[in-house]
Amino acid sequence: MDFIFNRQIIGGIVPALLTVSILVEICFAQNVPAYFVFGDSLVDPGNNNYIVTLAKANYIPNGIDFGMPTGRFTNGRTVELGFKDYVPPYLAPTTAGAVMLQGVNYASGGGGILNETGKIFGGRLNLDAQIDNFANSRQDIISSIGAPEALTLFGKAFFFVTIGSNDFLDNYLIPVISAVKQKLVTPNVFVGAMISRYRLQLMRLYNLGARKIIVANVGRIGCVPYQRDINLFTGDACVSFSNQLDQLFNAELKSLITDLSTNLQGSKFVYADAYSIVEDIQKNYISYGFENANSACCYLVGRFEGLTPCGSLSKVCSDRSKYVFWDPFHPTEATIMFSLQGISWMVTPMTYTHEHWATCSIVIKA
């Protein structure tokens with residue numbers, strides 16, 4: 001199942017999308033008992049607060065529109081669907097017992113598909129480690145409510161996986177450090193290694209009980225402020241080589257999702273086309289209400305304000321809702337909210353009966 005993004009349907013202003021997100025929560029909460037999240041800094045709710053790593057966001061001005069820094073790598077919320085309360089980070093001491101029955105977020109900033117990805121940050125939880133942690137949660141849940149009920153819970157729950165950009169940004173494309181790797185390992189071989197590992201990881205999730213699995217592809221990494229700033233000869237354009245890597249990976253990922261959906265009995269995989277969502281927002285940013293689609297809102301230096309992480313010395317743009325990017329790598333909450341509605345259109349048909357879907361779709365369109 002693919003998702004085709006239509007900005008004519010979801011165009012509008014951010015306050016309208018906040019209303020939409022509430023309506024989506026109402027629809028989701030009726031049929032989805034739990035939500036398990038795996039990924040990188042795009043969805044890390046604060047797991048990295050509890051590990052020794054350079055990849056942290058639990059300091060100002062991150063979270064400026066959340067009310068406080070939480071460990072999320074943006075000014076507000078990340079892509080969090082379906083429940084009134086936020087899906088808790090796995091490593092938080094309070095994530096135990098009955099709390100886990102509504103889901104757990106295992107995502108970690110700096111994490112990747114490949115285990116060597118993100119070494120430059122020190123500590124991080126790559127996807128294999130995240131699935132190990134889910135296996136631990138799974139056993140705790142089975143011990144709590146019994147195997148039959150636990151397996152039913154996992155079968156109805158959403159499993160959302162968004163990972164892969166760090167395998168490029170913090171592995172294959174690291175300036176200077178990865179120069180030798182790029183000469184010895186072709187893009188096709190590198191992407192092939194990613195897909196081979198990803199196949200095993202997604203099959204392991206299935207074997208642990210996951211049935212409804214949403215897998216997002218990689219967005220346009222060649223258009224993030226950091227990539228634009230370190231590639232001086234691209235001018236105002238995005239970095240084409242980086243985006244070509246994305247497209248190569250995404251094509252292979254789409255085939256993988258089709259194959260898994262066909263061959264894993266009872267599974268419902270969704271290929272979430274984040275690349276197209278981001279591309280449409282960046283190319284048509286004015287129609288979405290943005291004023292800046294190229295530079296970071298939280299900045300210090302760089303032509304596109306992309307050379308330093310968002311930190312205590314950074315300056316912050318006055319109106320975050322007018323910027324596509326929060327920092328050198330991550331979107332603002334406003335951008336995330338547009339993506340949220342796109343994801344809601346994608347996953348809802350996977351969840352409901354025809355009658356329930358018709359009701360929810362009318363509500364969301366309103």
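## C297 and C317

C297 counts as buried (under 20% relative accessible area, with over 50% being exposed and anything in between partly exposed, using a 1.4 Å probe and protein chains only), since its relative accessibility is 0%. C317 is buried too, at 8% relative accessible area. This is a predicted model, where local features need pLDDT of at least 70, side-chain atom pairs count only at pLDDT 80 or more, and totals for chains, interfaces and linings use all residues. Residues are numbered from 1 along each chain as its sequence is written, and side-chain values use heavy atoms, leaving out hydrogens and water.

C297 and C317 pair up as a disulfide (cysteine sulfur atoms within 2.5 Å), with their sulfurs 1.9 Å apart. The S-S torsion is about -90°, so this one is left-handed. C297 sits in the loop between β5 (292–296) and β6 (298–299), and C317 in the loop between β7 (315–316) and β8 (323–325), so the link ties together parts 20 residues apart in sequence. Helices (H or I, at least four residues) and strands (E, at least two) are DSSP runs, numbered from the N terminus.

## C298 and C310

Next along, C298 and C310 form a disulfide with sulfur atoms 2.0 Å apart. Its S-S torsion of 80° makes it right-handed. C298 lies in strand β6 and C310 in the loop between β6 and β7, so parts 12 residues apart get tied together. Both C298 and C310 are buried.

## C223 and C238

The sulfurs of C223 and C238 are 2.1 Å apart in their disulfide. With a torsion of about 110°, the link is right-handed. C223 is in the loop between β3 (212–216) and α8 (225–230), while C238 is in the loop between α8 and α9 (240–263), 15 residues apart. C223 is buried, at 1% relative accessibility. The disulfide count comes to 3.
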